[in-house]
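This report goes through selected strands, helices and domain contacts. The sequence and the structure come first.

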Amino acid sequence: MAGGGSTDPWPRIAALPMGRKVEITDGHGRRWIGTVVARHELSGERILPLKLESGYNIGLAIEPGFEFREIEGDRERRTAEPSPSERPRSGGPHVALLTTGGTIASRVDYETGGVRPVGGEREILDFYPELDRSGPVRIVPVFDRLSENIVPDDWVVLAGRTVAAFHDGARGVVIAHGTDTLGFTAAGLSFLLGNLPGPVVLVGAQRSPDRPSSDGSTNLAAAVTVARTALLGEVVVVMHAGLSDRRFAIHRGTVVRKMHSSRRDAFESRNRAPLGTVDGAAVSLAPWARPPTSGPARVDGPIDPRGSLLWTYPGLEPDAARAFVRGQRGVVLAGTGLGHAATAHLGWIREAIADGVVIAMTTQCLGGNADPYVYATGRDLVGAGVVYLDDLLPETAYAKLLWALGHAPDAAGVAALLRRDLVGEFTARHLVEGSG
Amino acid sequence: MKAGLEVHQQLAVGKLFCGCPGELADEVSGTFERRLRPSSGENRAVDVAAAFQAARGLTYRYESGPANCLVEMDEEPPHAMNAAALETALTLALLLHARPVDEIVVMRKIVVDGSNTGGFQRTALVALDGSLELGGKRYSIPTICLEEDAARKIRDVGEEVVYRLDRLGIPLIEIATGPEIASGEEAREVAEEIGALVRATGRARRGIGTVREDLNVSVEGGHRVEIKGVQELRKIGEYVRREAERQTVLLGVRDALRAAHASVGGLEGVDVTALVADIPNGPIADATGKGGPVLALSLPGFAGHFRSPPGTEERLGRELADQARAAGLRGLLHSDELPAFGVTPAHVAAIRSFLRLGPGDGFVLVADRSAERAARAVAQVARRAAEALDGVPGETRDPLPDGRTRYSRPLPGRDRMYPETDVPPLSVPTERIVQLRRALPERPAELRARLAATLGLSDEIVRQVVAAGVVEELEDLTGRGYPAALVARLVTQEVPAVVRPPTDGFSRDALAALLSAARDGRIAKEGFLPVLQALAEGAATVPEAIERAGLAGFTAADLADLVARVVAADRDLIDSRGDAAFSAVMGDVMKEVRGRRDGREVADAVRRALAPAAPKSEP
């Protein structure tokens, strides 16, 4: 099928579908043969992305005098989906794997050049064929979203699916989740899930699964090991403990935070040592790990999303903060140092509290207590009615606030819930080791 | 025979995708461990070479130091491509008359042997369709790529391989030639010329391991075989020649096997452990002693064909043994070499009868303490035996120091390449090309012409200087006033005889000191070699090296004394043979001078000593 001619070939070349093999000539003896591949969002104008016979991709600038022809009967082969291998279904209780998207369940998207979530059980097992080697794993697709697109209402959905999985006989539940907001979800689920008969393990991947070095497979294997074997009745996060694919840390869901944008060991327990470790098949837990209950698991909802999180910083305009707080039932401040906001903010804070808004204080230092009594600023804030939340991470305080807003009708009730240690989220003794 | 080259030259511009220094380092401050698994490319296929490596299930350990950052550890996405490296690649493209691509797409080439922390090498095609003129012949240069060098292998013990990150990410220019090279010698010349071209940019790294060549060789009826990572240019010719020979032998073996109606039944061996369990030592006992199996693979029609045909050392037996080694075994035994290694004629007879083999049939024994590994090895050996019926399998081979090569892995296909999504495509603006074209460096041919003209050196000496990559040394030292011919000899002959590559060995100041000593008459040029050797063995300064080499303090007067002594001793000879005695006397004197005085000076002294004594013989 000839596509040449004297007219500009670009519109027709641009319309070629992916996988079509073409020959392009420039009219001066230069020739390129390749397969049309996906165009990158950041590619230039009139650039045709071609995969050459060598496997290399190039971008070819198509000029008006160029000619092209499709090469018939030689379409790029797309290997058939591998058929699922026969899996010996060993007996015993299963682990439920809830998928939500995220890097751990993403693959290269050749349409956009980025990574996109994989969908469905088939694709997950293609990715992680070793997943159910040590026992049955049931895969439950829940969302298909990168974690920056997960909202607090999704925590409630996940909590419901988790409880359903336990009711279905799961020994433990693993939730594969994007790492960006994995800490928020872990905190949210920690407050939303009650009476857990087994571990709820959130897990992610920092390095994309389309690279042979992805941490996804080893993280997932470690998470499944925890879910299958650990005597644990709480929400935890399992990720790399260091740069090696050997040891994995188990973090309590309310004290964990992503502390690096790309490292495998980005997740850290703050203010205390991790809850445990996984080394091969061996799981070890700290004595303060919460043991499983005899069940049944339940969702301790609802949440009220009319709460928010605000960092204080030099130059934050009191009027901007006042506007931000409007319509909220509660605000967590991530204050400076021991939990401070500039004196200029006292005005709107007093007004908000008078209007029944809960104002809670944490420290943006992400380690140590918020303490109002050391400086006059803190004493003024606590005097105005700000609720100090000791060493709660700002994100955990925010998740807890939404949960408390769903469980108490007034500010006093919300404040009382915020101050109460519900799931081991406060750390009373800050030791040198593991102080964050 | 057809051969093509891929020249890989490191650039001295830092690293390709991060800001780390591009130098090798001794300091190790930490290690970490990784496991790699193959991932599928754009079309979902897993590359055969990648799957092959992953099947070995190795753990990789990496050593990192202060000169490494998170990018090399695969803990942070790559930064923007090094601009100087890209500029160098584009400059080379223009020097080689190639067309830069309009938009460069960085690819991931899957390599799961652990040499890259990510499990892939980043590589980009920069230019297409170049050419190189050399010795009146035109070689096509189909592609010029810019890629990351791999991590440096430090140890390979058992199930763990240790790499260091210092080399990982150093930019490599990859220049490929078409299959137009007709001999090993020609391959070496083309490699030298391409090396000189890269050095012309002024950005080539120098020293050991900074240049590596992949050689693609095939003979008529054979198959493309890639010999990967040859570091010594002077051995290129030998590798090419021996690979051609290997392929020719394999084609002969194929014809013989076909004539014998040879065949390979299946990929599974037969367990013959019970038949050989009484062997007390040797490779069989090593396996059976640890509870491992002995597997036999019957190969009907193969008898006599495992051995080398006359006139060569190449043989099918080694090809099969390489497969067993690739599967993690130490080797195998084939029926042409049995009975031996503890296997008696009775064992051979028992195995033959058990396998129901006729006299023309062969077999292979594989033994290992792991049943799984033994089975894998048998399957690989059977596959390779089947390939022998087709002739030469396409594969990747490792160069060995003795000029031979060894099977390393299957040839990778295009399935191993997919886009590096962390790096956006890079457009190559026409204006940039125009600028680079205006500022092209001196080509090797121009350089040679200039050196010959300005330094008065012969074409052949200039060719050697440029090929050896010691132009900087030549220009520096002649600039300091030393005679060009002497400097050229020093840097192309004496220095490489002591240390390889020559640019690694001695500082320019040391070479200058050596030349000064020659100019001042403290040593003769014949003394360069022993003095350099003394320097290489630890002498701190050139005078100390001269001392250590035993060349110090031999004056013109000492020479006169020596000559007089030798002439006296050789008196009878001189009297009987006249002028003809000159070379004998000269030889005796030189033996004792040992490079302490210039050869011409010695000859003059000998001639002077002989002149009055030797009577002219009348006709």
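## Strand β1 of chain B and its partners

B:G4 has B:N216 of β12(B) as its bridge partner. The two strands concerned, β1(B) and β12 (residues 211-218), run antiparallel and are joined by eight bridges. Strands are DSSP runs of E of at least two residues and helices are runs of H or I of at least four, numbered from the N terminus; two strands pair if DSSP finds at least two bridges between them.

β1(B) also pairs with strand β11 (residues 171-176) of chain B, in the antiparallel sense, over five bridges. Here B:Q9 has B:I173 as its bridge partner. Strand β1 of chain B covers residues 2-10, and seven of its nine residues are buried. A residue is buried if 20 or more other C-beta atoms lie within 10 Å of its own, exposed if 12 or fewer do, and partly exposed in between, with C-beta atoms placed from the backbone.

## Basis of the model

The model is predicted: local features need pLDDT of at least 70 and side-chain atom pairs count only at pLDDT 80 or more, while totals for chains, interfaces and linings use all residues. Residues are numbered from 1 along each chain as its sequence is written, and chains are lettered from A and ligands numbered from 1 in the order in which they are written.

## Helix α3 of chain B

Helix α3 of chain B (residues 184-200) has 17 residues and reaches 24 Å from its first C-alpha to its last, close to the 24 Å expected at 1.5 Å a residue. The expected span is 1.5 Å times one less than the number of residues. Because 16 of its 17 residues are buried, α3(B) is largely enclosed by the rest of the structure.

## Strand β1 of chain A

In chain A, strand β1 (residues 21-25) runs antiparallel to strand β2 (residues 31-36), with five bridges joining them. A:V22 has A:G34 as its bridge partner. The two strands form a hairpin with five residues between them, and A:G27 in the turn has a positive phi of about 80 degrees.

β1(A) pairs as well with strand β5 (residues 67-70) of chain A, antiparallel, over four bridges. A:I24 stands opposite A:F68 in β5(A).

## Domains of chain A

Chain A is divided into domain 1 (10-70), domain 2 (95-299) and domain 3 (307-419), with bounds from an automatic or database domain assignment. Between domains 2 and 3 of chain A, 12 residues of domain 2 are in contact with 10 residues of domain 3, contact meaning C-beta atoms, placed from the backbone, within 7 Å. Helix α4 (residues 182-192) of chain A gives the most to the domain 2 side, with six residues.

Definitions and conventions. Two residues are in contact if their C-beta atoms, placed from the backbone, lie within 7 Å.
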